[in-house]
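Thanks for coming, everyone. Let me put the model up and walk you through a few parts of it.

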Amino acid sequence: MKTTSKSGTRADAALSQAMDGLWVRFLPEIKERVAVLEAAAQAASEGKLTAKQREAARAAAHKLAGVLGTFDLTRGTVLARELELTFARDSSPGRDGGAKLAEIAAELRSMVESRKSSA
Amino acid sequence: MARKILIIDDEDDIREVAALSLESVAGWEVIKASSGAQGLARAAEHQPDAILLDVMMPGMDGPTTFRELRKNQATAQIPVLLLTAKVQGTDQRRFADLGVEAILFKPFDPMTLSTQIARALGWS
């Protein structure tokens, strides 16, 4: 974040610290959404993805896309958007597609679990 | 100038981050609602200077909530900004056609959210 003064720097640091607090608070919810994506990707790779599971995965991906970039995980938003668009399609991703989705979900999990505090 | 903003969003994380941002960066007063129905009641009760309204919510979604706000004389004049993670052009045109003041996108930068709102509403 750019700052223009000492007070600006302090304000940035205070906001970053508060954001880190929110990250810790909401991390279980964020991980749950990733778990929904992992389960859907696994089901797709086994050819067992149901319409209900696909819709749950689409919704989880949409929420992650909206929030991850806010916590400086810009690539997380990009990956989540890719998953959202895939799960929004009527057609099943298929076994090969499912394997690709599982890779993306794994990258998301790694990103979420390794986020460093920004303060 | 201190402003009063109502945030209507069913997602706890987004609601809390937006509230933190507007309170700590801009010093604005924030009122929160976790559903469209709760938002309608809070808007009428608190008369905020503006409403930040999520699009995709279970039950009453953002566009429906917006139309209800406009139907009620007590809330019809309050500026509304839609907050959405939808980036497709067709969605954006549909939202713009509703008549909201502006459309803001998730993810947002907590450091500049208040500036975006102020600029959209001509407050800066």
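**Chain B: the strands**

Let's start with strand β1 of chain B: four of its five residues are buried, so β1(B) is largely enclosed by the rest of the structure. Buried means that 20 or more other C-beta atoms lie within 10 Å of a residue's own; 12 or fewer is exposed, in between is partly exposed, and C-beta atoms are placed from the backbone. Strands here are DSSP runs of E with at least two residues, helices are runs of H or I with at least four, and both are numbered from the N terminus.

Some ground rules. This is a predicted model, where local features need pLDDT of at least 70 and side-chain atom pairs count only at pLDDT 80 or more, while totals for chains, interfaces and linings use all residues. Residues are numbered from 1 along each chain as its sequence is written, and chains are lettered from A and ligands numbered from 1 in the order in which they are written.

Back to the sheet. What is the order of the five strands in chain B? The order is β2-β1-β3-β4-β5, in an open sheet with parallel pairing. Two strands pair if DSSP finds at least two bridges between them. β2 (29-33) and β5 (102-105) of chain B are at the edges with a single partner strand each, so one side of each has no neighbour in the sheet. On average, neighbouring strands are turned by 25 degrees against each other, direction ignored.

Now the partners of β1(B), residues 4-8. Five bridges link β1(B) to β2(B), and the two run parallel. In β2(B), B:Lys32 is the bridge partner of B:Ile7. Four bridges link β1(B) to β3(B), residues 50-54, again parallel. There, B:Leu53 is the bridge partner of B:Ile8.

**One residue: B:Phe66**

B:Leu53 comes back here. B:Phe66 touches B:Leu53, B:Val80, B:Leu98 and B:Val100, leaving out residues up to four places away in sequence. Touching, or contact, means C-beta atoms, placed from the backbone, within 7 Å. B:Phe66 is in helix α3 of chain B, residues 62-71. Is B:Phe66 buried or exposed? B:Phe66 counts as buried because it has 23 C-beta neighbours inside 10 Å.

Over to chain A. Helix α2 (residues 51-67) of chain A packs on α3(A) at about 155 degrees, with axes 8 Å apart. Axes are lines fitted to C-alpha atoms, for helices over the stretch in contact, and angles run from 0 to 180 degrees between N-to-C directions. So α2(A) is roughly antiparallel to α3(A). The cut-offs: under 35 degrees is roughly parallel, over 145 roughly antiparallel, 65 to 115 roughly perpendicular, and the rest oblique.

Next pair. α3(A), residues 74-88, meets α4(A), residues 94-113, at about 150 degrees, with axes 10 Å apart. That makes α3(A) roughly antiparallel to α4(A). Their contact includes A:Leu79 and A:Leu83 of α3(A), and A:Ile104 and A:Leu108 of α4(A). By class, the residues of this contact are eight nonpolar, two polar and three charged. Ala, Val, Leu, Ile, Met, Phe, Trp, Tyr, Cys and Pro count as nonpolar, Asp, Glu, Lys and Arg as charged, and the others, Gly among them, as polar.

**Where the chains meet**

Last stop. How many residues does each chain bring to the contact? Chain A brings 18 residues and chain B brings 16. On the side of chain B, 10 are nonpolar, one is polar and five are charged.

How values were computed. Contact = placed C-beta atoms within 7 Å.
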